Structure formats: C-alpha cells, structure tokens
Amino acid sequence: MYIVLEGIDGAGKSTQITALKQWLEDSGFEVETFVEPTDSEIGILIRKMLQNPSATDENIQKTLGLLFAADRLLLMDKIDSEEYCNKVIISDRSFYSSLAYQNPQNWIADINKFAKKPDIVLLLDLDVDIAIERCSGEDEFEKKSFLVDVKNKYLDLAKNDKDIFKIINANNGPKKVQSDIRKAVAPFLGICVSGID
Ligand code: TYD
C-alpha cells in the first residue's frame, strides 16, 4: 500500500502524515514514511537549488525536473525492496509534485514514467491566501500567482485520475482534515474509522 500526500506549500502535509502514521500503527499496520525530495545527495542538491527563487529559466526548470526524477528513482528502488513489501508506505509528495510544480508537463511526465503509481493520493487542497499567510517572508505577489498555478494543476491531475485522487479540504482545522483523511484511507485498508469527529 503506497499512500501519497500532495498539496501546495503550507498545506499541512507533515502534521497530517504524523497523525495518519500513528493511527495506522494503532490499527495494527507497520508503517514507513518517506519525504520527497529525500535526504540523499541529490535531494540535498535540490534543496540548495530551491533556495534560489530566481531560477525560472526553462532549462533550470528541466534540470530541477531531472534531479527530482533521479532522487525519486533511488526512492522507488527502496520502496520496492523486500524490507518494505509488507508495510504501508506514506510519502510526503511523489511524481505528482513534479507534474504540478515543474514545466513543461509532458516532458516531466515522460521522464517520470518509471515512477510507481500510488494506491491513493490525498490532495490537501488549501486556499492560496491561507498558504501565503503560512509562508510569510516571501515575495507575496510572485508566490501567489505561482501557487495558484500549482493548485490548478493539482486539481486537473485529480480530475484526470479520479480513481486514486481524494481531494481533502485543507482549509478546515487539523482535526477535521485528519478525520477526512482517515475516512478516505479506511476503505483501502479495510478498517473502520471511529471517534475522530
Ligand atoms: P519542502 O521545504 O519540503 O516543502 P513542503 O514541506 O511544502 O513539501 O520543499 C519541497 C519543495 O519542493 C516544495 O516547494 C515543492 C517542491 N517540489 C517540486 O517542485 N517538485 C517535486 O517533484 C517535489 C517532490 C517537490
């Protein structure tokens, strides 16, 4: 079982992953969490490049896309290994992040063909204005138009992959978001949801 959380910056993925992991462990599952970009050398390089917000040039975007894909390739090897075959994998981001954040989208899709398709993608859908409030200190105008674009791309991806995407309203408080996440995940794992509303 490969569960992925996606969403724009500030959507609250990491808080929700911690709570989801705890609930699944309490329900008797063995759970492993991953984050993209990973902490590999490629992941470290990616984070360094992301600190330069002026990197909007198409070839830099493509280079970033290649690095995200390379980092992901190593992660896919790990996820497919025997060590994790009986575990529930929860991942903070996946190739869907590359499709939403990097350009051009067709090219990004081609270089990510190797990537394992998640069983379920929980898209934490947050208003961009709330996201901006959460990520203070950045150029708000530029950031807003970028995040609107990413949010719309996520919603298009969800429309095209209705079977695996579950859209979760992330404007709600963290408890309600967690409750909605559990309701979405429970049928996939054959478990009941109780005591969280
Ligand atoms: P991070 O600080 O971990 O942000 P978050 O907590 O929101 O995930 O940095 C990850 C950043 O990398 C985030 O802005 C999204 C971006 N990203 C891409 O642009 N493409 C990708 O394929 C992935 C996995 C992440």
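What follows is a short walk through the ligand site, a pocket and a cavity.

One thing to keep in mind from the start: this is a predicted model.

**Around the ligand**

Let's begin with the ligand and its neighbours. The shell around the ligand holds 13 residues, and the ones that come nearest are D9, R72, R93, S98 and Q102. Sorted by class, that shell has 6 charged residues, 4 nonpolar ones and 3 polar ones.

Where do these neighbours sit in the fold? Three helices each hand over at least two residues to the shell: α2 (41-50), α3 (58-79) and α4 (95-101). Of the elements, α4 gives the largest share, with 3 residues.

| Residue | Ligand atom | Distance |
|---|---|---|
| D9 | oxygen | 2.7 Å |
| S98 | oxygen | 2.5 Å |
| Q102 | nitrogen | 2.7 Å |

How much of the ligand does the protein bury? On its own, the ligand exposes 540 Å², and the protein buries 79% of that area.

**The second largest pocket**

Next comes the second largest pocket, which has about 150 Å³ of space in it. Its lining is made up of F34, V35, T38, D39, S40, D71, L74, L75 and K78. By class, 4 of the lining residues are nonpolar, 3 are charged and 2 are polar.

Two elements each give at least two residues to this lining, namely β2 (31-35) and α3. The largest share belongs to α3, which supplies 4 residues.

**The cavity**

How many cavities of 30 Å³ or more does the structure hold? The count is 1, and the largest cavity has a volume of about 40 Å³.

To find the largest cavity in the viewer, pick out the residues that line it: G7, I8, L123, L124, D125, L126, K151, Y154 and L155. Two elements give two or more residues to this lining, the strand β4 (120-125) and the helix α7 (140-160). As for class, the lining of the largest cavity has 6 nonpolar residues, 2 charged ones and 1 polar one.

Around the ligand, α4 gives the largest share of the shell. In the second largest pocket, the largest share of the lining comes from α3. For the largest cavity, look to β4 and α7.

Key. Residues are numbered from 1 along each chain as its sequence is written. This is a predicted model: local features need pLDDT of at least 70, side-chain atom pairs count only at pLDDT 80 or more; totals for chains, interfaces and linings use all residues. Side-chain values use heavy atoms; hydrogens and water are left out. A residue is near a molecule or strand if one of its heavy atoms lies within 4 Å of it. A polar contact is a pair of N or O atoms within 3.5 Å; within protein, one must be able to donate a hydrogen and the other to accept it, and residues adjacent in sequence count only if both atoms are side-chain atoms. Accessible areas come from the Shrake-Rupley method with a 1.4 Å probe; for residues, only the protein chains shown count as cover. Ala, Val, Leu, Ile, Met, Phe, Trp, Tyr, Cys and Pro count as nonpolar, Asp, Glu, Lys and Arg as charged, and the others, Gly among them, as polar. On a 1 Å grid over the protein atoms alone, a cavity is a set of points where a 1.4 Å probe fits but cannot get out, and a pocket is an open set with protein on both sides within 12 Å along at least five of seven lines; lining residues have an atom within 4 Å of a point. Grid points are joined across faces, edges and corners, and a volume is the space filled by probe spheres set on the points.
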